[in-house]
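Please look over the model shown here together with my comments on its pockets, its helix and its backbone. I would be glad to know where your own reading departs from mine.

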Amino acid sequence: MNARRRPVVFHKMHSLGNDFMVVDAISQSVDLSNQAIAAWSDRHRGIGFDQLLIIEAPTTPEADFSYRIYNADGSHAEQCGNGTRCVAMLVQQLGLSAKPQLVWQSAAGLFETDFSSPAQIETTMTVPVLTLTDIPFAQEQGDATDHPSIFTLHAGDRSFAVTPVSMGNPHAVLFCDDIFSLDIDDIGGRLTQHPAFPEGANIGFCQVVDRQFVRLRVFERGAGETQACGSGACGAVVAARLLDKVDERVKVSLPGGKLRIKWPDTNSPVTMAGEASYVYRGELQLDQ
């Protein structure tokens with residue numbers, strides 16, 4: 001006897017080319033397996049996306065919504081900066097909320113989104129985590145340098161200078177003169193699973209042009225290189241500020257577009273402003 005099948009509505013969205021499958025789990029019941037998520041992320045045989053985002057009812061009275069994130073390989077992620085703008089846009093489009101400012105609950109903690117203009121959504125992220133054990137970063141797996149924020153990691157016969165930081169999810173930032181001359185897949189693949197990062201890490205390759213402008217490419221944990229990474233842009237600016245390479249307001253240019261990042265000091269949250277785009281609505285047939 002054939003299993004009954006039921007449709008689950010999803011929405012394809014992107015922010016600067018960082019693309020998502022977004023599911024409203026408030027209006028419908030959703031139970032998704034990691035294997036199914038990995039299959040749907042396939043760009044040849046599935047829907048194709050960098051991350052799956054799920055909007056749910058919060059479990060804390062301080063939040064308007066909860067926000068769950070899965071990488072393309074089905075693994076769980078704590079935060080997705082570009083995704084914050086997409087879920088904020090979708091709840092308005094679906095009529096789930098008309099509030100211009102929303103508080104979201106995520107595995108990385110609470111954060112806020114604000115429709116600062118018709119074309120821009122601003123996200124107030126968490127205060128960056130710089131304590132190594134909380135990132136988490138196992139410093140005994142690398143070599144200390146003259147700067148307390150820089151560590152040398154060895155991968156095979158190569159060595160890389162990285163600055164670890166967490167935006168609720170772990171990042172390692174490498175500074176270089178030309179991000180377009182690097183083999184991002186090779187280096188990112190080596191470092192994202194380096195023993196120094198027991199939970200893996202997103203690897204950012206940052207080129208500082210001047211104190212208000214940087215270029216960035218990001219190899220994301222569980223997804224590979226993406227067109228843009230919001231939390232990675234935040235992490236790169238934090239790392240650059242720690243090394244006194246940039247001012248508190250920085251424009252970050254990624255392959256998919258630009259973000260505006262602000263970080264005044266170590267006690268302040270990072271704010272990020274950028275665009276979000278709706279692509280299409282679809283349905284999946286799931287076995288019941």
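1. Basis of the values. This is a predicted model, in which local features need pLDDT of at least 70 and side-chain atom pairs count only at pLDDT 80 or more, whereas totals for chains, interfaces and linings use all residues. Residues are numbered from 1 along each chain as its sequence is written, and side-chain values rest on heavy atoms, with hydrogens and water left out.

2. Largest pocket. The largest pocket holds about 180 Å³ of space. On a 1 Å grid over the protein atoms alone, a pocket is an open set of points with protein on both sides within 12 Å along at least five of seven lines, a cavity is a set where a 1.4 Å probe fits but cannot get out, and lining residues have an atom within 4 Å of a point. Grid points are joined across faces, edges and corners, and a volume is the space filled by probe spheres set on the points. The lining includes Glu-122, Gln-212, Arg-249, Lys-251, Arg-260 and Lys-262, and strands β16 (249-254), β17 (257-262) and β18 (271-274) each supply at least two of its residues. By class, the lining has four nonpolar, two polar and five charged residues, where Ala, Val, Leu, Ile, Met, Phe, Trp, Tyr, Cys and Pro count as nonpolar, Asp, Glu, Lys and Arg as charged, and the others, Gly among them, as polar.

3. Largest cavity. A search of the whole structure finds one cavity of 30 Å³ or more, and about 70 Å³ of space lies in the largest cavity. Of its 13 lining residues, Asn-71, Gln-79, Asn-169, Asn-202 and Glu-220 are the closest to its centre. Its lining divides into four nonpolar, seven polar and two charged residues.

4. Helix α4. Helices (H or I, at least four residues) and strands (E, at least two) are DSSP runs, numbered from the N terminus. The 13 residues of helix α4 (residues 230-242) should span 18 Å at 1.5 Å a residue, and the end C-alpha atoms are 19 Å apart, which agrees; the expected span is 1.5 Å times one less than the number of residues. Eleven of the 13 residues of α4 are buried, among them Gly-230, Cys-234 and Val-238. Buried means under 20% relative accessible area, exposed over 50%, and partly exposed in between (1.4 Å probe, protein chains only).

5. The loop between α4 and β16. Asp-244 lies in this loop and is exposed, with a relative accessible area of 55%. Lys-245, also placed in the loop between α4 and β16, counts as partly exposed because its relative accessibility is 33%. Leaving out residues up to four places away in sequence, Lys-245 touches Phe-175, Val-208, Asp-210, Arg-211 and Ala-240, contact meaning heavy atoms within 4.5 Å.

6. Gln-207. This residue lies in strand β13 (residues 202-210) and, at 12% relative accessibility, counts as buried. The side chain of Gln-207 reaches the backbone oxygen of Asp-177 at 3.2 Å.

7. Backbone geometry. Most residues other than glycine have a negative phi, and most peptide bonds are trans. Phi is positive in Asp-244, near 55 degrees, and in Leu-16, about 60 degrees; Leu-16 is buried, with a relative accessible area of 9%. The peptide bond from Ile-135 to Pro-136 is cis, with omega near -5 degrees.

How values were computed. A polar contact is a pair of N or O atoms within 3.5 Å; within protein, one must be able to donate a hydrogen and the other to accept it, and residues adjacent in sequence count only if both atoms are side-chain atoms.
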